[in-house]
Amino acid sequence: MDWSPVLISMRTAIVSIFFTFFLGLLAAWFVVRLKSNVAKVILDGILTLPLVLPPTVVGFFLLYIFGVKRPIGMFFINYFGIKIAFSWYATVIAAVVMSFPLMYRNAKGAFEQVDSNLLDAGRTLGMSEFKILYKILLPNALPGVISGGVLAFARGLGEFGATAMIAGNIAGKTRTLPMAVYSEVAAGNMDKAYQYVIVIVCIAFIAVFIMDAISIYNERKWH
């Protein structure tokens with residue numbers, strides 16, 4: 001079995017979760033603090049959109065943004081010498097965009113469950129909003145935040161549609177595990193496809209196990 005899709009997928013998932021985790025965390029914190037319900041609904045809908053749109057549509061928009069003949073794509077080529085479309089960077093961008101809503105919504109839900117009296121107490125003591133975030137909000141919402149991170153990691157690892165559109169299926173470069181499964185099935189190599197499927201299932205099972213372990217730990221902590 002060619003292990004390059006496994007390595008590419010793991011590398012993509014590890015790098016993308018770094019961006020997804022912090023972007024989702026900050027976005028959730030910003031939305032939760034909004035006073036206007038209308039603004040909350042609109043912004044929540046925009047940030048959740050990649051979760052409900054077909055991945056190929058998301059990939060189309062990404063290709064439109066980062067294509068070599070588009071302003072942003074040309075900017076990276078001219079100033080950094082980096083071609084985004086159909087490169088490994090594109091797999092990371094696709095993974096970040098597609099996994100972001102999971103991290104954002106889990107973090108937002110966890111933040112909303114924290115007792116607001118604790119936050120008000122922090123403000124009474126003169127704590128800044130950022131200090132309240134990492135001293136009060138995050139510690140109390142940690143299980144939900146970690147679960148969101150695990151889900152986002154697994155989603156980034158299994159991304160297919162958007163990756164196919166913006167990164168393509170280049171062996172040894174952008175061929176991730178889902179792309180490898182598709183390629184082997186299309187070529188009639190079912191045995192190799194089974195091997196890749198087993199790897200994906202094992203990783204997904206580990207992710208679910210981690211989430212369950214966090215939930216059990218959280219229940220024991222509060223009982």
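Analyst: Terms before numbers. On a 1 Å grid over the protein atoms alone, a cavity is a set of points where a 1.4 Å probe fits but cannot get out; lining residues have an atom within 4 Å of a point. Points are joined across faces, edges and corners, and the volume is the space filled by probe spheres set on them.

User: How much space lies in the largest cavity?
Analyst: About 40 Å³. The count of cavities of 30 Å³ or more comes to one.

User: Why use a probe at all?
Analyst: Rolling a probe the size of a water molecule over the atoms shows where empty space is left.

User: Before we go on, what kind of model is this?
Analyst: This is a predicted model: local features need pLDDT of at least 70, side-chain atom pairs count only at pLDDT 80 or more, and totals for chains, interfaces and linings use all residues. Residues are numbered from 1 along each chain as its sequence is written, and side-chain values use heavy atoms, with hydrogens and water left out.

User: Fine. Which residues line the largest cavity?
Analyst: Ser9, Thr12, Thr91, Ala95, Gly156, Leu157, Glu159, Thr163 and Thr176. The lining divides into two nonpolar, six polar and one charged. Here Ala, Val, Leu, Ile, Met, Phe, Trp, Tyr, Cys and Pro count as nonpolar, Asp, Glu, Lys and Arg as charged, and the others, Gly among them, as polar.

User: Which helices each supply at least two residues of that lining?
Analyst: Helix 1, helix 5 and helix 7 (129-157). Helices are DSSP runs of H or I, at least four residues, and strands are runs of E, at least two; both are numbered from the N terminus.

User: Zoom out. How many helices and strands in the protein chain?
Analyst: Ten helices and zero strands. The C-alpha atoms fill a box of roughly 65 × 45 × 30 Å along the principal axes.

User: How much of the chain counts as buried?
Analyst: 40% of the 223 residues. Buried means under 20% relative accessible area, exposed over 50%, and partly exposed in between, with a 1.4 Å probe and protein chains only.

User: And the accessible surface of the chain, what does that come to?
Analyst: About 12600 Å², with 69% belonging to carbon and sulfur atoms. Areas come from the Shrake-Rupley method with a 1.4 Å probe.

User: New topic. How many salt bridges does a search of the whole structure find?
Analyst: Seven. A salt bridge is a side-chain nitrogen of Lys or Arg within 4 Å of a carboxyl oxygen of Asp or Glu. Side chains of opposite charge can pair when their charged atoms come close.

User: What does aspartate 44 form a salt bridge with?
Analyst: Arginine 105 is one partner, with the closest N and O atoms 3.0 Å apart. Aspartate 44 lies in helix 2 and arginine 105 in helix 5, so the pair ties together parts 61 residues apart in sequence. Lysine 108 also meets aspartate 44 in a salt bridge, at 4.0 Å, N to O. That pair joins helix 5 to helix 2 across 64 residues.

User: Are those residues buried or partly exposed?
Analyst: Aspartate 44 is buried at 15% relative accessibility. Lysine 108 is buried too. Arginine 105 is partly exposed at 37%.

User: What does threonine 48 touch?
Analyst: Leaving aside neighbours within four places in sequence, threonine 48 is in contact (heavy atoms within 4.5 Å) with Pro101, Tyr104 and Arg105. Threonine 48 is in helix 2 (residues 37-52). Its relative accessible area is 10%, so threonine 48 is buried.

User: Which residues are linked in a network of salt bridges?
Analyst: Arg33, Asp120, Arg123 and Glu129. Within that group, glutamate 129 pairs with arginine 123, the closest N and O atoms being 2.7 Å apart. Glutamate 129 is partly exposed at 24%, and arginine 123 is partly exposed at 37%.

User: Last one. Where is methionine 1, and what is it in contact with?
Analyst: Methionine 1 is in the segment before helix 1 (4-32). Beyond neighbours within four places in sequence, methionine 1 is in contact with Gln195, Tyr196 and Val199. Methionine 1 is partly exposed, at 36% relative accessibility.

User: And phenylalanine 86, what is its phi?
Analyst: Near 60 degrees, a positive value in a residue other than glycine. Phenylalanine 86 is in the loop between helix 4 (71-80) and helix 5 (88-112).

Conventions:
1 Å grid on protein atoms, 1.4 Å probe; cavity = no way out; pocket = protein on both sides within 12 Å on 5 of 7 lines; lining within 4 Å.
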